[in-house]
Amino acid sequence: MTRFTKGHGTENDFVLVPDPEGTLELTPAQVQRLTDRHAGIGGDGVIRVVRTEFATDDAVRSLAPGAEWFMDYRNADGSLAEMCGNGTRVFAAYLQREGLVADREFAIATRAGAKVVRVTDEGFAVDLGPWRLVDEVGARRDGFDVMVRARFGKPVPALSLDLGNPHAVVMLPEGITLEQLDLTEAPEIHPTPAGGANVEFVRAVGPGHIALRVHERGVGETRSCGTGAAAAALATRFWSGVEDFTPWTVDVPGGRLTVTPLGGQRVELAGPAELVADGEIEL
Ligand SMILES: N[C@@H](CCC[C@H](N)C(=O)O)C(=O)O
């Protein structure tokens with residue numbers, strides 16, 4: 001039997017599987033079974049909790065020398081992802097509850113490098129590290145670099161950002177509400193990014209305040225996406241032309257996140273993290 005913990009951050013939910021010595025080879029079929037909401041535990045992704053020294057990927061070890069624990073993230077379809085913003089907070093909550101970290105600030109290893117997490121009153125804040133516009137020249141010239149077609153019809157312009165994982169952000173055109181969006185199918189992106197992308201649909205709520213819905217690569221529509229919230233806030237800030245360091249409030253279907261642009265082209269994500277169940281499952 002394999003032990004698991006179920007947790008979520010603004011209802012982006014994960015099955016955490018402790019594997020400190022990295023002995024568990026999780027296959028895509030096992031991930032799909034764990035995340036299955038009818039025949040398994042249910043979740044948007046699986047997080048294997050591994051000591052960084054046992055990470056099989058050399059790059060993970062070399063990019064995060066000071067991080068004792070590696071967040072091995074898989075999407076619900078079994079594909080690997082470089083990063084998961086909400087996952088980092090849930091991972092931190094698990095490490096803290098299990099007594100695996102003692103400090104109020106610590107680094108965790110991800111495929112996108114080490115991320116520093118700190119305890120806050122509400123949960124955790126994580127420095128997501130460096131972010132970038134995928135096509136800076138095109139973005140600064142046109143305000144966007146790809147077109148996205150979802151089930152609402154005409155293709156709409158979007159901005160590609162790299163938060164360690166790939167995102168395309170759409171500011172919804174007038175006349176289409178977030179509620180009207182049909183995200184039952186993956187939006188098409190042109191030109192299609194080689195590794196796919198997560199797609200965020202944004203509506204401005206007020207100054208420094210946006211709301212979004214997201215279609216996640218390897219999952220489908222989710223109730224929240226932490227790196228997606230950061231990408232959406234950064235894209236909206238870019239379009240506003242005022243690239244300051246004011247915190248942004250990001251409403252997602254599963255709750256509220258705070259995104260704060262930092263110096264050095266870094267960005268912080270803050271929000272809650274809940275661990276809701278523990279159990280054992282036959283893989
Ligand atoms: N929900 C996550 C992102 C998870 C990975 C994503 N689906 C991908 O494939 O890049 C978040 O909170 O950032």
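**Stop 1: Cys-84.** Select Cys-84, in the loop between β4 (69-75) and α3. Helices (H or I, at least four residues) and strands (E, at least two) are DSSP runs, numbered from the N terminus. This is a predicted model: local features need pLDDT of at least 70, side-chain atom pairs count only at pLDDT 80 or more, and totals for chains, interfaces and linings use all residues. Residues are numbered from 1 along each chain as its sequence is written.

Is Cys-84 buried or exposed? Cys-84 is buried, because 29 other C-beta atoms lie within 10 Å. The cut-offs: buried is 20 or more other C-beta atoms within 10 Å of a residue's own, exposed is 12 or fewer, partly exposed is in between, with C-beta atoms placed from the backbone. Now show the contacts of Cys-84. Leaving aside neighbours within four places in sequence, they are Gly-45, Tyr-73, Gly-226 and Thr-227. A contact is a pair of C-beta atoms, placed from the backbone, within 7 Å.

**Stop 2: Cys-225.** Residues up to four places away in sequence aside, Cys-225 touches Asn-12, Asn-86, Asn-198, Val-214 and Glu-216.

**Stop 3: the ligand shell.** Select the 18 residues around the ligand; Gly-85, Asn-86, Asn-165, Gly-226 and Thr-227 come nearest. Near means a C-beta atom, placed from the backbone, within 6 Å of the molecule. Two elements give two or more residues to this shell: α3 (85-97) and α5 (226-240). Colour by class and you get 4 nonpolar, 12 polar and 2 charged residues. Here Ala, Val, Leu, Ile, Met, Phe, Trp, Tyr, Cys and Pro count as nonpolar, Asp, Glu, Lys and Arg as charged, and the others, Gly among them, as polar.

Go to Gly-85, in helix α3. Gly-85 counts as buried, with 28 C-beta neighbours inside 10 Å. Its contacts beyond four places in sequence include Val-126, Leu-128 and Leu-269.

Next is Asn-165, in the loop between β10 (156-162) and β11 (166-171). Asn-165 is buried, with 26 other C-beta atoms within 10 Å. Among its contacts beyond four places in sequence are Ala-81, Glu-82, Met-83 and Thr-227.

Stop 4: Colour domain 1 (2-130 + 271-281) and domain 2 (132-255) separately. The bounds come from an automatic or database domain assignment. Each domain gives the ligand shell at least three residues. The C-alpha centres of the domains lie 24 Å apart. Across the boundary, 23 residues of domain 1 are in contact with 18 residues of domain 2. On the domain 1 side, α3 and β7 (124-130) each supply at least two residues. The largest share, 3 residues, comes from β7.

**Stop 5: zoom out.** The chain has 5 helices and 19 strands. The C-alpha trace spans about 50 × 40 × 35 Å along its principal axes. Of the 283 residues, 45% are buried.

Technical notes:
Two residues are in contact if their C-beta atoms, placed from the backbone, lie within 7 Å.
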